[in-house]
Amino acid sequence: MPKAQKADQAGTIRKVAENIYQYSGSQTSFYARFRHKGERIVQRLGSKKAPCTSLEEAKRLLRNLRNSLDRTEHKASRKTLSQIIEEYSGVMAGAEATLKYKRRYLKQLRELFPVPLKTKVADIKKSHVLQFLAHFKDATADHYNHVLTLVRDVFSYAVADQAIAVSPVEGIRYRKREDEVTRLIPSWDEFQRIVESIRSQVYADTAEESADLIEFMGLAGLGQAECAGLHWQDVNFETEQIALIRRKTRTRFTIPLYPMVRPLLERMNAERDDDRTPLDAVFKVKDPKKALEAACKRLRLPAYSPRAFRRMFISRCLHDLNIDVQTIAAWQGHKDGGQLILRTYARANQEHQKAMARRLTPPIAATK
């Protein structure tokens, strides 16, 4: 904006109220001019699309501007969307898989956002965010919600940086899943048949190694990532403990060397090469997906994923062996005391419901 002493085609600027100025020949051009925290603020009140048409409205807009500045840091409010994205990308955290999809969505945010990246983040509106999210209207609920979470995090960073007072993502809801996710869980018998089928493939180069990995996953209740990072130095036969890192949260935890796991690991340890070292990986195969897929087809079983054996372990501990949920959660490296396990696995099946219903017999006194 031109300085107060300058004039333009509309006339000379003049003071019409405290901290409010207007060009003498204009009915809509109101400007705020004041100092905030020692910095000179000069800003037009209203916009081209929604001009300020009265002094009363100018006073209201000035109050709103002051309140907004009180909640933000004025230098930060000059930051552009590009600057905020760049700063956020430098501080975002998570597992490597999480960071991978966050980087992908940040790239899409740069390429598809409906306003230029040089736009001040303070000028971005909720409608701009909705226009960006419209690019993912045909995506799955999970995909859409991942993108929304990323955008929410970017503008939450801007709020924390005092670049804006309120996030433009506020009020935008996540999309609900249309159908409940089907979680396939193999039975104990199916698990044993699958291991045996993989191990029996004499012409496959990695049949024995793949069978060992899947057997361990089912017996120990661990996922692919934990198994891939397991070394022989992490297995202590004397203390009967296995040290692990939960890859999703990068936290360390230990599990007992379960009696049904020990024979498998002892046999694998005995078969190791003479030049063995403690840093050797326990499993030579990292991904048993192909061997598992082929075994399921041979046995005419559902297409179980490697993760299904972890679910089988938890379900068996919870329903068949009556192990308390807090202990199972500790074995899984969870820090929530078993809440996730209860939400995911503790849904009573039909047989369990019937068994519980049989307990509801009339009290002895009532029958007499």
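**Salt bridges, burial and packing in a predicted model**

Author: A search of the whole structure finds 18 salt bridges, a salt bridge being a side-chain nitrogen of Lys or Arg within 4 Å of a carboxyl oxygen of Asp or Glu. This is a predicted model, in which local features need pLDDT of at least 70 and side-chain atom pairs count only at pLDDT 80 or more, while totals for chains, interfaces and linings use all residues. Residues are numbered from 1 along each chain as its sequence is written, and side-chain values use heavy atoms, with hydrogens and water left out.

Reader: What makes Asp161 and Lys79 a salt bridge?

Author: The closest N and O atoms of Asp161 and Lys79 are 2.7 Å apart. That value lies within the 4 Å limit, so the pair is called a salt bridge.

Reader: How do you know that this pair links distant parts of the chain?

Author: Asp161 and Lys79 are 82 residues apart. Asp161 sits in the loop between helix H6 (141-160) and helix H7 (188-199), and Lys79 in the loop between helix H2 (74-77) and helix H3 (81-91). Helices (H or I, at least four residues) and strands (E, at least two) are DSSP runs, numbered from the N terminus.

Reader: Why is Lys79 called buried?

Author: Its relative accessibility is 17%, and buried means under 20% relative accessible area, exposed over 50%, partly exposed in between (1.4 Å probe, protein chains only). Lys79 is therefore buried. Asp161, at 22%, counts as partly exposed.

Reader: What makes Arg199 and Glu215 a salt bridge?

Author: The closest N and O atoms of Arg199 and Glu215 are 2.6 Å apart, which falls within the limit. Arg199 is in helix H7 and Glu215 in helix H8, 16 residues apart. At 25% relative accessibility, Arg199 counts as partly exposed.

Reader: Why do the buried residues of H10 line one face of the helix?

Author: Helix H10 (residues 262-270) has Leu264, Leu265, Met268 and Asn269 as its buried residues. Seen down the axis of H10, they fall within an arc of 130°, so they line one face; the arc is that of the directions from the helix axis to the C-beta atoms. An α-helix has 3.6 residues a turn, so residues three or four places apart point the same way. What covers the buried residues of H10 includes helix H8 (207-220), strand E6 and strand E7.

Reader: Which residues touch the most other members of the largest nonpolar core?

Author: Ile194, Phe216, Ile242, Ile255 and Leu265 do, in a core of 47 residues. A nonpolar core is a set of buried Ala, Val, Leu, Ile, Met, Phe, Trp, Tyr and Cys residues joined through side-chain atoms within 4.5 Å. Apart from this core lies another, of 30 residues, among them Tyr105, Leu106, Val129 and Phe155. Beyond residues up to four places away in sequence, Ile242 touches residues including Phe216, Leu230, Phe253, Ile255 and Leu265, where contact means heavy atoms within 4.5 Å.

Reader: Why is His334 called buried?

Author: Its relative accessible area is 16%, so His334 falls under the buried cut-off. His334 is found in the loop between helix H13 (325-331) and helix H14 (339-345). Leaving out residues up to four places away in sequence, His334 touches Arg246, Ala329, Leu340 and Ile341.

Reader: Why does Asn322 count as exposed?

Author: Asn322 has 63% relative accessibility, and is therefore exposed. Phi of Asn322 is near 55°, a positive value in a residue other than glycine. The residue is found in the loop between helix H12 (307-320) and H13.
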